Amino acid sequence: MLSRFLNNRNVLGMLFMAPAVILLVVFLTYPLGLGVWLGFTDTKIGGEGSFIGLDNYTYLFGDSLAQLSLFNTIFYTVSASILKFALGLWLAILLNKNVPLKTFFRAIVLLPWIVPTALSALAFWWLYDAQFSVISWALTKMGLIDHYIDFLGDPWNARWSTVFANVWRGIPFVAISLLAGLQTISPSLYEAAAIDGATPWQQFRHVTLPLLTPIIAVVMTFSVLFTFTDFQLIYVLTRGGPLNATHLMATLSFQRAIPGGALGEGAALATYMIPFLLAAIMFSYFGLQRRGWQQGGDK
């Protein structure tokens, strides 16, 4: 009887899935549920809180700093995701061609992704230094500027500086993933299109893009999620400054909850991120993966 029970495919499937389910419940579902619950309380570090309903959410909705962090997060995510997609796709197309040392260049492209985030942030912190920036030094020597750029001291300079740092780090993930998708497209399709008189742009528009769309949907979903929830790069590089110009919702949530001691308020701010993350996922899977677009249709 036990042998028949263990030989059942459904039972075996559940047994094999059990370890993964337990890990998800312990390390994902429980912390998420606890964070949502804390958002409805006035819990402080070192003390128990009481249930206060939507007071934290109401306060944060009218909080100017929370509103600024939302703007910064959306600006950071949209700008970095667009640049990573455009540059990553261009790089993937280049690496897909028959160029010398192609394998070597593919390995080099992975380096920004392999380097730890904190180390990358420290490297950019030196590159953006107000007095010793090698970028400002090079531009000055070339005669393009007459004074050093204050990359991290001006609000908008700091926003764009963090975006470029995130793009540098995220391009390898996008490029290698799209390169894997490009290599699944049969060369015979391009040959047929060329015989029909299609230009390189038309081949890209009507062959490459429709067939690559499912990969783009998955890659950009993960890219948006990683960027929207970015914490390490911003915290090491700017700590949210100057003048809170680079504070994201993740960094502000940490600041309110841990250094500030307001666990309930920080948890509520983190919970505010969930609808935006769900919207990004829905856009990718119900928008970019429409069957009509994949097949080159109008729907």
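Among contacts in the chain between residues at least 6 apart in sequence, what percentage join residues at least 24 apart? In this predicted model, the share of such contacts that join residues at least 24 apart is 68%.

**The chain as a whole**

The secondary structure of the chain consists of 16 helices and 0 strands, and the C-alpha trace spans about 85 × 70 × 40 Å along its principal axes. Of the 299 residues in the chain, 37% are buried. The mean pLDDT of the chain is 88, and 94% of the residues reach 70 or more. Over residues 291–299, however, the pLDDT is below 50, and this stretch has 14 contacts in the model beyond near neighbours in sequence. Where pLDDT is low, the predicted coordinates should not be read in detail.

**Helix 9 and helix 11**

Helix 9, which covers residues 155–182, packs with helix 11, which covers residues 200–228, at an angle of about 150 degrees, and their axes are 10 Å apart. Because angles over 145 degrees count as roughly antiparallel, helix 9 is described as roughly antiparallel to helix 11. Helix 9 passes helix 11 in a right-handed crossing. On the side of helix 9 the contact is made by Asn166, Phe173, Val174, Ser177, Leu178, Gly181 and Leu182, while helix 11 contributes Thr208, Leu212, Ile215, Ile216, Val219, Phe222, Ser223, Phe226 and Thr227. Sorted by class, this contact of helix 9 with helix 11 has 10 nonpolar, 6 polar and no charged residues.

Phe164 is also found in helix 9, and with a relative accessibility of 45% Phe164 counts as partly exposed. Leaving out residues up to four places away in sequence, Phe164 touches Leu83 and Tyr128. Phe164 and Thr221 are 57 residues apart in sequence, and the distance between them in space is 19 Å, C-alpha to C-alpha.

Thr199 is found in the loop between helix 10 (187–195) and helix 11, and at 38% relative accessibility Thr199 counts as partly exposed.

**Helix 2 and helix 14**

A second pair of helices is formed by helix 2 (residues 9–38) and helix 14 (residues 263–271), whose axes come within 7 Å and cross at roughly 115 degrees. The crossing of helix 2 and helix 14 is left-handed. In this contact, Gly35, Val36 and Leu38 in helix 2 meet Gly264, Ala267 and Thr271 in helix 14, and by class the contact has 3 nonpolar, 3 polar and no charged residues.

**The loop between helix 12 and helix 13**

Where in the chain is Pro242 found? Pro242 is found in the loop between helix 12 (232–237) and helix 13 (249–257), and the peptide bond from Gly241 to Pro242 is cis, with omega near -5 degrees. Leu243 lies in the loop between helix 12 and helix 13, and Asn244 is likewise found in the loop between helix 12 and helix 13. For Leu243, phi has a positive value in a residue other than glycine, and for Asn244, phi also has a positive value in a residue other than glycine. The values for these two residues are set out below.

| Residue | Phi | Relative accessibility | Class |
|---|---|---|---|
| Leu243 | near 55 degrees | 72% | exposed |
| Asn244 | near 65 degrees | 30% | partly exposed |

Is Met273 buried or exposed? Met273 is buried, because its relative accessible area is 7% and buried means under 20%. Met273 is found in helix 15, which covers residues 273–288. Leaving aside neighbours within four places in sequence, Met273 is in contact with Phe228, Thr229, Met249 and Ala250. The C-alpha atoms of Met273 and His247 are separated by 14 Å, and these two residues are 26 residues apart along the chain.

Terms used. Residues numbered from 1 in each chain as written. Predicted model: local features only at pLDDT ≥ 70, side-chain atom pairs only at ≥ 80, totals over all residues. Heavy atoms only, no water. pLDDT = per-residue confidence, 0-100. Contact = heavy atoms within 4.5 Å. Axes fitted to C-alpha atoms, helices over the stretch in contact; angles between N-to-C directions. Helix = DSSP H or I, 4+ residues; strand = E, 2+ residues; numbered from the N terminus. Parallel < 35°, antiparallel > 145°, perpendicular 65-115°, else oblique. Left-handed = near helix turned anticlockwise from the far one by under 90°. Nonpolar A, V, L, I, M, F, W, Y, C, P; charged D, E, K, R; others polar. Buried < 20%, exposed > 50% of the residue type's maximum accessible area, 1.4 Å probe, protein only.
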